[in-house]
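Here's a quick briefing to read alongside the model. Have the sequence and the 3D view open as you go.

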Amino acid sequence: MEQQLANLLMFIIPALITGAIAYLFFREHVENERRRRDFFIQKDLQKDALPMRLQAYERMSLFLERIKPTKLLIRVLPTSSNKEDYEALLIANIEQEFDHNLAQQIYVTDQCWSITSTAKNATIQIIRKATLSDKIDSADKLREVILTDMMDRRAPSDAALSFIKEEVSNIW
């Protein structure tokens with residue numbers, strides 16, 4: 001009886017060890033195949049998403065260029081001599097440009113979107129601050145003061161554009 005039990009164990013133990021090793025190899029193989037499949041899916045998604053992301057960065061760059069005070073003031077001319085009306089027209093133009101590009105935020109990083117939004121708000125602040133000056137009494141004078149002020153300093157859009165360029169260079 002003991003001999004039969006020993007013979008049985010001599011057959012069962014190697015079979016169990018072989019089965020366990022086969023199970024571990026099979027499990028590892030299945031896991032590797034899953035990771036490989038996930039990698040190729042991710043690669044295909046990135047291949048499709050990259051052009052959309054780059055296009056979003058292009059649109060953000062265009063937006064930032066269009067709201068630079070020097071370019072904005074040349075493109076958007078006053079409709080009257082009232083400085084408050086011109087201020088409202090400039091701000092409405094900036095907000096319209098921004099609203100037109102709202103969907104781009106899903107393709108750019110949160111930090112990029114935040115910096116772009118901050119540049120927009122800083123540009124609006126420059127316009128509002130200039131309008132509050134008692135020295136300015138007309139829309140043409142407002143344009144002149146803002147343009148003169150922007151010759152001495154960088155536009156808020158410039159810092160945001162630099163950030164976008166850096167971020168796009170890191171995509172590659």
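This is a predicted model: local features need pLDDT of at least 70, side-chain atom pairs count only at pLDDT 80 or more; totals for chains, interfaces and linings use all residues.

Local features need pLDDT of at least 70 and side-chain atom pairs count only at pLDDT 80 or more, while totals for chains, interfaces and linings use all residues, and side-chain values use heavy atoms, with hydrogens and water left out.

**The core**

- The largest nonpolar core holds 34 residues; a core here is a set of buried Ala, Val, Leu, Ile, Met, Phe, Trp, Tyr and Cys residues joined through side-chain atoms within 4.5 Å.
- Leu64, Tyr86, Leu90, Val108, Ile127, Ile146 and Ile164 have the most contacts inside this core.
- Six helices each supply at least two residues of the core: H1 (2-66), H2 (69-75), H3 (83-100), H4 (110-132), H5 (139-151) and H6 (156-171). Helices are DSSP runs (H or I, at least four residues), numbered from the N terminus.
- H4 gives the largest share of this core, seven residues.

**Helix H5**

- H5 has 13 residues and reaches 19 Å from first C-alpha to last, close to the 18 Å expected at 1.5 Å a residue. That expected span is 1.5 Å times one less than the number of residues.
- Ala139, Leu142, Arg143, Ile146 and Met150 are the buried residues of H5; buried means under 20% relative accessible area, exposed over 50%, and partly exposed in between (1.4 Å probe, protein chains only).
- Seen down the axis of H5, its buried residues fall within an arc of 100°, so they line one face of the helix. The arc is taken from the directions from the helix axis to the C-beta atoms.
- The face of H5 turned away from its buried side carries exposed Asp140 and Met151.
- H2, H3, H4 and H6 are among what covers the buried residues of H5.
- Ile146 touches Pro69, Leu73, Ile126, Ile127 and Ala130, not counting residues up to four places away in sequence; contact means heavy atoms within 4.5 Å.

**Helix H3**

- The 18 residues of H3 should span 26 Å at 1.5 Å a residue, and its end C-alpha atoms are 26 Å apart, which agrees.
- Lys83, Tyr86, Glu87, Leu90, Ile91, Asn93, Ile94, Glu97 and Phe98 are buried in H3.
- Those buried residues of H3 fall within an arc of 150° seen down its axis, so they line one face of the helix.
- Gln96 and His100 are exposed on the other side of H3.

**The largest pocket**

- Its volume is about 180 Å³. A pocket is an open set of points on a 1 Å grid over the protein atoms alone, where a 1.4 Å probe fits, with protein on both sides within 12 Å along at least five of seven lines; lining residues have an atom within 4 Å of a point.
- Ala122, Gln125, Ile126, Lys129, Ala130, Val145, Ile146, Asp149 and Arg153 line the largest pocket.
- H4 gives the most to this lining, with five residues.

**Single residues**

- Val145 sits in H5 and counts as partly exposed at 30% relative accessibility. The C-alpha atoms of Val145 and Ala130 are separated by 7.2 Å.
- Thr123, in H4, counts as buried at 0% relative accessibility. Thr123 touches Ile67, Pro69, Ile94, Pro156 and Ser157, not counting residues up to four places away in sequence.

Methods
Residues are numbered from 1 along each chain as its sequence is written. Grid points are joined across faces, edges and corners, and a volume is the space filled by probe spheres set on the points.
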